[in-house]
Amino acid sequence: MTATAESPAAELGRARTRKEDARLVTGQTTWTDNLVLPGMLHMAFVRSPYAHARITGVDLSAAKQMPGVVAAFSADDFGEQGSLPCGWPVTPDIVIPHHPPMATGEVRYVGEAVAVVVARDRYTAADAVGSVDVSYEPLGPVLDMKTALDEGTPKVHETGNLSYDFVFPTSGDIDAAFSGADVVVEREYRQQRLIPCAMEPRAVVASWTGDDVTLWSATQIPHVLRFAIAAFFGIPEQSIRVIAPDVGGGFGSKLQVTAEEVLAVLVSRMVGKPVKWNESRSEGNMTVHHGRDQWQRIAIAADRDGRIRGLKVDLLADMGAYLMLVTPGVPILGAFMYNSIYKMDAYAFRCKGIFTTKMPTDAYRGAGRPEATFAIERIMDELAVELGMEPLELRERNWIKHEEFPYATISGLTYDSGNYEAATARAKELFGYDALRAEQAERNARNDTVRLGIGISTFTEMCGLAPSRVVGSLGYAVGGWEHASIRMLPTGKVEVVTGSSAHGQGHETAWSQIVADQLGVPFEDIKVLHGDTQVSPKGLDTYGSRSLVVGGMALVGACDKVIEKGKRVAAHMMEASENDVEFVAGRFQVRGDPEQGRSIQEVSLATFAAHNLPDGMEPSLDSEATYDPHNFSFPHGTHLCATEVDTETGMVTIRSYVAVDDIGKVVNPLIVEGQVHGGIAQGIGQALYEEAVYDEAGNLLTTTLADYLLPSAADLPSYVTDRTESPADNRLGVKGVGEAGTIASTPAVVNSIVDALRPLGIRDITMPCTPERVWRAIDTARASAASGNGGASSNGGAA
C-alpha cells in the first residue's frame with residue numbers, strides 16, 4: 001500500500017515550483033553549445049541555394065587553404081553515407097527515397113548540405129564556407145501540392161512526386177450516410193507550413209575515443225538516435241553513447257535523426273578530434289523540419305435536426321523533399337481524430353503524401369491532431385450556420401455523453417473517460433457566453449465597425465503513442481513502451497532513472513512527486529536522472545504527450561517492485577510474516593499493529609548492510625519496470641475565444657480566452673498551467689501570425705524572426721484556465737497535457753474571426769489571419785455585395 005492523495009503528505013496535486021528551474025533560468029547548466037572538449041574543432045555547412053539542381057562539381061581547395069581551416073569534405077569524401085531513416089512506412093507501397101546526410105548528385109531543397117568545413121573556431125568555419133565553389137545545373141522546382149502529380153511537372157525523385165496514397169478503412173456505409181442526409185456541407189481548408197522555433201537552436205558535439213563515440217545533442221530522442229545511428233550507419237550500438245543534456249525546447253523539432261548529427265559522428269572520426277556544430281536561427285528556419293502544410297477537403301452530412309450522419313476527409317500532405325523519421329505518419333495520426341468527440345454513422349478518410357522541393361515536414365506540437373481538430377471544429381460551425389442552429393447546441397447534440405464511456409468511436413478507438421458537458425458548462429460560465437452573444441447581437445444590429453466574434457473548440461486528442469501492438473499495426477517502426485528504474489541508496493535517498501528525456505516539461509519535479517507519494521520519501525530526497533544512454537540505457541524518449549501516461553506509469557511499476565522487496569526485508573527484521581506486513585506512507589508495519597514498523601529508509605540501510613537478510617535474497621531494493629499501456633490517453637476540453645475585428649483595418653484583437661481542460665488527475669498544477677499557456681500561444685501563433693513562405697524558385701523567404709512572425713507576450717491575452725476531472729484508465733488516473741492547448745486554440749481563434757465577419761458574407765479566411773488578409777476578405781465581400789452577389793464567401797487570399 002502506498003501513500004495516496006488522501007495522505008497529509010501527498011505530493012500529487014501539489015503546485016510545487018520546478019526543482020530544475022533554478023539552474024535553467026540562471027544559466028548554471030550545460031547546454032550542448034556550452035561544451036568545450038580538448039582539441040575540439042567546429043563545423044560549418046555549405047548549403048544549397050537552389051530548391052532543385054544537379055551538382056556538377058564541388059571545389060574545396062580554396063577553403064582548405066584558409067588559415068585555421070583543418071579540413072573540408074564533400075559527399076564524395078565520405079563514401080557510403082547510409083540513409084537518414086524513415087520510421088513510419090504507412091502503406092506497403094510507400095516510396096521512401098534514399099536520403100544521404102550530405103547531398104549526392106542532386107539537391108532537392110534550399111539549405112540541403114553539400115559540403116562541410118572544419119576549422120579551429122566557428123567563425124573561421126563560417127567564413128570558409130564562402131570559399132567553397134559548388135557548381136549546379138538548375139532543375140525545375142516542385143512547390144505546389146495540387147499540381148505536383150500533374151503530367152509534365154518536374155520530378156522530385158525518379159519515381160515521381162507521390163510518396164503514398166493512404167485510405168483509412170471506411171467505417172459504416174458512407175454513401176448511404178451522404179445520400180440520405182438532409183444537409184451536406186463541404187469545405188476546403190489550408191493548414192499553412194509552420195517552422196518550429198525552439199528557444200535553443202540545434203547543437204551537436206561528437207567525440208571518438210578508440211572505437212567508441214559519444215554524441216551530445218539537443219535532441220528529444222537520445223535512445224532512438226543511438227539505435228538509428230547503429231542500425232543505419234554501421235556503428236556497433238554498444239560503441240555509441242548519446243547524451244541529451246538540458247535541452248531548451250523541442251515541440252517535435254528535435255524528434256529527429258538529423259543530417260548534422262550523423263555528419264558530426266562521421267567527421268569526428270575522419271579528423272580524429274571532437275567536433276561541434278551549432279546552428280544559427282536562419283539556418284534553423286531553413287533546415288529544422290517544418291510542420292503542418294496540408295490541404296484539407298472535408299464534407300459533413302447531417303439530418304435537419306443536426307444529427308451527424310457521415311464525415312469524409314480527403315487530404316494532400318506536403319512531405320517536402322524526403323521522408324524523415326515520422327514524416328508520413330503525421331497526417332495519418334489525424335485520421336483517428338477527425339470524428340473528434342462526435343457520434344456519427346459513417347466515416348471515410350484518404351491522404352496522399354506529396355513530394356515537393358521544400359524542407360521535409362515532420363512532427364510539430366500535436367502532430368496531425370491540430371490539423372484534424374481544426375477541420376472538424378471549423379466545419380461544425382459551418383454546419384450550424386447551414387442548419388440555423390446555435391453552434392454549441394449542435395455540438396452538444398452530437399457529442400458522446402459522459403455516461404456512455406468507455407465509448408468505441410467510428411474511427412476504431414475506444415475513449416476511456418470524459419465529460420464534455422462539464423467542461424463546456426464550466427467554460428461557458430467563466431467566459432460569460434450568453435452575455436457575449438447578447439453583446440454581439442447588439443453590436444451587429446448597429447453595424448459596429450469593430451465586430452465581436454465568438455469562437456468555439458470542443459476537442460479531444462489521442463496521445464501517449466502506444467500500445468506497441470497498435471502502433472506496430474500502423475507501420476510504426478518502434479514500440480510505445482517506456483522504462484524506469486528506482487535506486488534505493490543506503491542513506492535512504494532515491495535515484496530515479498527514466499527513459500523519458502525532458503526538454504522543458506518539468507520531469508524532474510513531476511517524477512519526484514510521483515515517487516515521493518509511491519515510496520513515502522521526501523520530495524527533496526529524490527534525484528531524477530535522464531537523457532544519457534549510459535545512465536539510462538532503456539527508453540523510447542519524449543514526444544506525443546507520452547511522458548506521464550507511459551513513463552510515469554513505468555515509475556509506478558518500479559516503485560511497486562521496490563515495495564515488494566522491502567516487505568520481505570522488513571518482515572524479516574520484525575520477525576513477522578510477510579503476508580502480515582503492509583506499506584503505508586513510507587513505513588512497513590504489521591497489519592493491526594502500526595507501532596511495530598520500519599521506515600523505508602531503515603529497510604534500505606539494512607538491505608545495504610546485508611547483515612541479516614532473508615535467506616536467498618540479494619542485498620538490493622533497486623528495481624526497474626517497463627510499461628506498455630493498453631490504450632492511448634484521451635484528454636479533452638472546451639476552449640472559447642472572443643475576438644474584436646476592426647473592419648476598417650483588418651486588425652484582430654483577442655478580447656478574452658477561456659480554456660477548460662480535462663486531463664484526468666493532475667500531478668502538478670503549475671506545470672499543467674505552463675503547458676496549457678504555452679500550447680495556446682503556439683495555436684494562436686498559427687491562427688494569426690506564423691507562416692513559412694517560399695518564392696516561385698523555392699527560396700524560403702521567412703529565414704529570420706523578422707520575417708517569420710512569432711507572437712510575443714504583448715500580442716497574447718491573459719488566459720482564464722480551469723479543469724474538470726475524468727480520471728483515465730490507469731493507476732494514477734492521468735492523461736497527457738503537452739499538446740492540448742495547441743490542438744484546441746487554433747480553431748477557437750479562427751472560428752471567432754469568421755463568426756465576427758459572417759454577417760458581411762465571409763465564411764473563411766486562410767491562416768494566418770493577418771490584418772492584410774482579414775482586410776482583403778472584408779473588401780472582397782463588400783465588393784461582392786455591391787455588385788449584387790451578396791453572401792459570397794471570401795478567404796482573404798490563399799497561402
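Modeller: Let's start with a word we will need: contact means heavy atoms within 4.5 Å. By that rule Phe349 touches Phe166, Val167, Phe168, Val313, Leu315, Pro331, Ile332, Ala335 and Tyr338, leaving out residues up to four places away in sequence. Please keep in mind that this is a predicted model.

Biologist: Thanks! Which rings are linked with Phe349 into a cluster?

Modeller: Ring pairs join Phe349 with Phe166, Phe168, Phe336, Tyr338 and Tyr347. The structure holds 18 aromatic pairs.

Biologist: What makes Phe45 and Trp277 an edge-to-face pair?

Modeller: Two values settle it. Their ring centres are 5.9 Å apart, and a pair needs centres within 6.5 Å.

Biologist: How do you know what kind of pair Tyr109 and Tyr322 form?

Modeller: Centre to centre they are 6.4 Å apart, and the limit is within 6.5 Å, so they pair. With 80 degrees between the planes and edge-to-face starting over 60, this pair is edge-to-face. Tyr109 sits in the loop between strand S4 (106–107) and strand S5 (113–119), and Tyr322 in the loop between strand S14 (308–320) and helix H9 (329–334), so the pair ties together parts that are 213 residues apart in sequence.

Biologist: Are these two tyrosines, Tyr109 and Tyr322, buried or exposed?

Modeller: Buried means under 20% relative accessible area. Tyr109 has 9% and Tyr322 has 1%, so both are buried.

Biologist: What makes you say that the charged end of Lys19 sits over the ring of Phe523?

Modeller: The charged end of Lys19 is 4.3 Å from the ring centre of Phe523; the rule asks for within 6 Å, and also within 35 degrees of the ring normal. Lys312 lies over the face of Phe178 too, at 4.4 Å from the ring centre.

Biologist: Which residues touch the most other members of the largest nonpolar core?

Modeller: Those are Tyr338, Phe349 and Leu688, in a core of 144 residues. Helix H10 (residues 369–387) gives this core its largest share, 9 residues. Apart from it lies another core, of 43 residues, among them Met488, Val515, Val528 and Val556.

Note on methods. Residues are numbered from 1 along each chain as its sequence is written. This is a predicted model: local features need pLDDT of at least 70, side-chain atom pairs count only at pLDDT 80 or more; totals for chains, interfaces and linings use all residues. Side-chain values use heavy atoms; hydrogens and water are left out. Rings of Phe, Tyr and Trp (its six-membered ring) pair if their centres lie within 6.5 Å; planes under 30 degrees apart count as stacked, over 60 as edge-to-face and the rest as tilted. Helices (H or I, at least four residues) and strands (E, at least two) are DSSP runs, numbered from the N terminus. Buried means under 20% relative accessible area, exposed over 50%, partly exposed in between (1.4 Å probe, protein chains only). A nonpolar core is a set of buried Ala, Val, Leu, Ile, Met, Phe, Trp, Tyr and Cys residues joined through side-chain atoms within 4.5 Å.
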